[in-house]
Amino acid sequence: MQSYHIYNRLTGFGVFLTATIVYTLTLEPSSSFWDCPEFITSAARLEVGHPPGAPLFMLLGNLFSHLASDPSKIAWWINWMNALFSAACVTFLFWTITALLRKLLTPRQYEDRIQTATILTGGLIGALIYLFSDTFWYSAVEGEVYSCSSFFTALTFWSVLKWETYAPAPSADRWLIFIALLIGLSIGVHLLNLLCIPAIGLVIYYRLSSRPNGKGVSGVLILSALIVALVLFGLLPGMMRLAGKFELMAVNGLGLPYHTGTCLHFLLLLMLLTLCIILSARSRHRLPAAAAALSGLLLTGMTLRESAATSWTITLTASVLLGYLLHRGWHRAPATTWRILHTSACALLMLVIGYSTYAVILIRASDNPPMNQQAPDNPFALQSYLGREQYGEKPLLYGQTYISPLALKQEGNTLRYETKEGAPIYRRAQPADGHSRPHYVEIGRKTDYVYEPETCVWFPRMHDARYAAEYRWWAGEPTGRTISRYDPQTGSRQNVTIPSAGQHLRFLLRYQIGFMYVRYFLWNFVGRQNDQQGHGDSLKGNWLSGIGPIDRLAGHDPDSGAGTKGRNVYYAFPLLLGLIGLYWQRRQGARGRRQSHIVGLLFFMTGLAIVLYLNDTPRQPRERDYVFAGSFYAFAIWTGMGAVALIRLLSRYLQGPKAWLAGSLVTLAVPLQMAGQNWDDHDRSGRTLCRDMGANFRNSLQREGHPVLFVMGDNDTFPVWYGGEVEGIRPDVRACNLMYLSGGVYAAQMRLPVREAPPLPFTLPEQFCQDGILDFVRVNPSILVPDADGQPREVSLKTQIEAIYRQNPEKKPFGEDPFEWKNIVRYWLTSDDPAMRCIPTDEIHIPVDRETVARSGIPVPPGTTVPDTMVIRLKDRSHLIRTGLLLIDLIAGSQWERPLYVTITSGLNEYIDLSEHLIQEGLAYRIVPYEVKPTDLGMDLDRTYDCVMNRFEYGGLDNPDIYLDETNRNMGALLQNLQIVLAMELYRDGQTERARKVLEKSQETIRCRELNNDDRHAQAQIAHLYRLIEQQENGKKEKEQNKRKETKI
Amino acid sequence: MKETDKKDRKQSVSPLARTNYLLIVIGYLTVLTGFLLLTGPGTTSTHFEPDLFSVRRTAVAPAVTLAGFFLIGFGVLYPVRPSENESGTGSTRQHQS
């Protein structure tokens, strides 16, 4: 028996070591695309990343970041931390499987050598399959939170099995308290860990109940679902809500410094919970204990909702219920009641303590770090941050369909969109607000648009109007109810048909479950067609078994992606093993069936339950398999059981040791085959493209004048931030994300200096950039003007102003040039009358000082004259959002001193059309005052040449053997394209020598042949250019030779 | 009824002993110290604050905070001797063997 423990531990460490080696060998040496650079920045520099934040991950990553010898190694160390967490996760999986198997195979806890070997083999096979599985491996070698989150899930599940071993002794309860701490802490990594709670509940029930039955099980399920909901929708936002009330009272009411109320609330909560723990441990004074329990519970804010009435109802009900339960419990079974009260209070305290990692976010956000998303520097903002409110709300139980129009309401003579007002939004008082002491100012209320109530349905699965075409593709034309409504655009009543309940269900089954979950599940245990993003066709990103007839039957083209690294097929062996394991487990008596319920519940909660909660829309920007890693973890447990089932089956025909050996070897082939398939497309070594792209974007800009770089998507913004914040590349560059700029909070942050870069040169005063003001500005609106007959006539504002200026040339009511930005800001946008705040023209004038332009380094191609005025045209635009407004404001405010650039991957046109004012320099467009016609050369050849030849780094693309996933292929293609275009333009410009050098550089730096560029095409272009250059050079030589000949003659 | 109550009182209902509580309290005080070490001056509209990234705030503070949380976890699981806590631990030991 003792030897079992030794072997179990040793094998566990062996698994840990193997996993660490595998993940270290395949680790990405720097940051990876998508959120990784942002998470690494938030960890290494303790800055505030995107909602809902990951404070514990920040602390852990920060610890590892200090192991780096220089800043360029920080990303490696944080990636490596994740490799360790993943290895530890696999190790706990091993111990979980062996613990479960041991309870099935040797209930008397005495095993002979064969039994020991069989149990360990089961654990090993399951752990190895998970180690080498697609999704888990992906997260293990990059700087995201999912590896750490998986570790917490594994540790939690393992801990509850520990409890099960020691229960029902009261001392075993320490494991439950420990689990509460883990769940609390893991909120600071990812909320996924909350989903373990139902499985934990079931373990407890099966262990403690003398006669478990279906009624009890359903009771436990309901109770644990209630606990998940109470934490997720009650405690997490509620604690911030209540802290916000304390904060408001302390700061606005009593004039105390910021954070006093929040701290006060938190300390009071800690004290009450501690009091409850002490009183319940003494088990003597019922009334004080009950009072402490109740007030502690209420102080967590668990019972608070947005509306006061609901909050009171829930609070009163909860109080009465708690009182009744305690009273009844004390009457019937006092000891048990005290024990439950005590353990619950301890657990709640641990949960709160774990959750308090969010103080890190609160403290850092208050100090204005360079990255400070949503600036959650007070409990109100932190609550929105935690609730990810800026991403919008998805309806879960009841709400709109994608067809649903917004509800209208009559207000006087006009129709308005109906809105629902929510909680007030507060922010800290600024100097302009005129408060001498700390103060929170209400700047408006959260508002949500309301959808036409008649078109709202229960359980809406297709809810976002932006994806109407895709919804139709997945679920067909709407065939539900038809509703007649007034359409404000056409001014008449129109019929609207909403999708039927069956169609919502069809979408749930086909897309949300089938495509967004089952497909990922099968990727891991059956195989994967290729590494291209799937959107539902037969060619990209499907599951693939590798068995031709099956794949053809499923409609997945086996030829697409054949022979590429992204093709991985396991012939469904891991799936089969798991199903056999599940079957075998359920045949092991009541114990086995109960185990299968527990593992099954974990499988469901971390898989299908997430699908229901996410309510995903079609056209996701990337594959989302990483969310479901927990579910694949649960299935891996069954694959381990499958190995044991096979060994047990063989032992019927073979002798014990032989059966074990044969079974082990056969099942070991499964994870090894997976490793062989997956290695090449999970090996990220040698690839630094993400890091280098961030550096390249920054290095594209000129070195003088503190350039501003506008960025837009995840894959230019985050690498650019990472380059500046973590590696300190070009600290003079100020990055500004155009999408975030539409929010007032981010716009305010752009007025702060960052490292060497001064604030952005806005001319619009700060109070006009806040949320709620100028969110949405009309462009050249029509007004009603009486014509000669006195009849009102619709005229555009611009025409009217022009008429006024014509009639009275002297008066000039709106400044010298009414369409100059300065005057638009002065007379219109900052007008005291909100109705006046618009842009009264569709052509904005910005003065240009030629001397400044010449001084600032703006390239002026020969033959181009710099005009006196730059004209920004807003034709066909009815309005601008804040981003467009501030872009124009910055162009004016820069006065051509401060260089403005935008990455070539950003779509500026979404906000304003500047396509005729852009000159490419490297990977960025520079905004220039003169017009660049489509026929002109839109590229600064000298600077781009300098970038391509000297400034850029190529992310390891010179090594043809490294693996590039789809994002990396796109980025590599971007670089290759730039080189080819540059060579072409140089050739056209007659600079053949330079063109040749660029081509040589291209051949030398980009030797990967898998770029999305259609590499053959690129190679053909390069060869063609070479020929052209050669011809020209030969021509020159011939001419020279001819000349020489002529002179000789 | 009263008799059972008396019996209950003899045994502590807590799975944790004094040492555990002590470790948890020390752990949380450490966490709070970490939070305090994290605070300091911030960037203003005219001045970028390099102290935001000082050793105290971005190396010591997070390490202290983490050490505190680790201590709490350790404190919860720290096995207590049977003499310290009558009810729980003895049986724990037996189960472990």
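Let's start with chain B, where buried residues make up 34% of the 97 residues; a residue is buried if 20 or more other C-beta atoms, placed from the backbone, lie within 10 Å of its own. What you're looking at is a predicted model, in which local features need pLDDT of at least 70, side-chain atom pairs count only at pLDDT 80 or more, and totals for chains, interfaces and linings use all residues. Residues are numbered from 1 along each chain as its sequence is written, while chains are lettered from A and ligands numbered from 1 in the order in which they are written.

Chain B has four helices and zero strands, giving the pattern α-α-α-α along the sequence. Helices (H or I, at least four residues) and strands (E, at least two) are DSSP runs, numbered from the N terminus. Look at contacts in chain B between residues at least 6 apart in sequence, and 70% of them join residues at least 24 apart; being in contact means that two C-beta atoms, placed from the backbone, lie within 7 Å.

Now for the meeting of the two chains. It takes 38 residues from chain B and 42 residues from chain A. On chain B's side, α1 (2-10), α2 (18-38), α3 (55-77) and α4 (88-96) each supply at least two residues, and α3(B) gives the most, with eleven residues. That side of chain B divides into 17 nonpolar, 18 polar and three charged residues. Here Ala, Val, Leu, Ile, Met, Phe, Trp, Tyr, Cys and Pro count as nonpolar, Asp, Glu, Lys and Arg as charged, and the others, Gly among them, as polar.

Over in chain A, find helix α9 (residues 197-208) and helix α10 (residues 214-253), which pack at an angle of about 145° with their axes 8 Å apart. Axes are lines fitted to C-alpha atoms over the stretch in contact, and angles run from 0 to 180 degrees between N-to-C directions. Among the residues making this contact are G201(A) and Y205(A) of α9(A), and V220(A) and S224(A) of α10(A). The contact divides into eleven nonpolar, three polar and no charged residues.

Further along chain A, strands β14 (residues 782-786) and β15 (residues 792-796) run antiparallel, joined by five bridges; strands pair if DSSP finds at least two bridges between them. P786(A) stands opposite P792(A) in β15(A). This hairpin has five residues between the strands, and G790(A) takes a positive phi near 85°.

How confident is the predictor?

Terms used. Buried ≥ 20, exposed ≤ 12 C-beta atoms within 10 Å, placed from the backbone.
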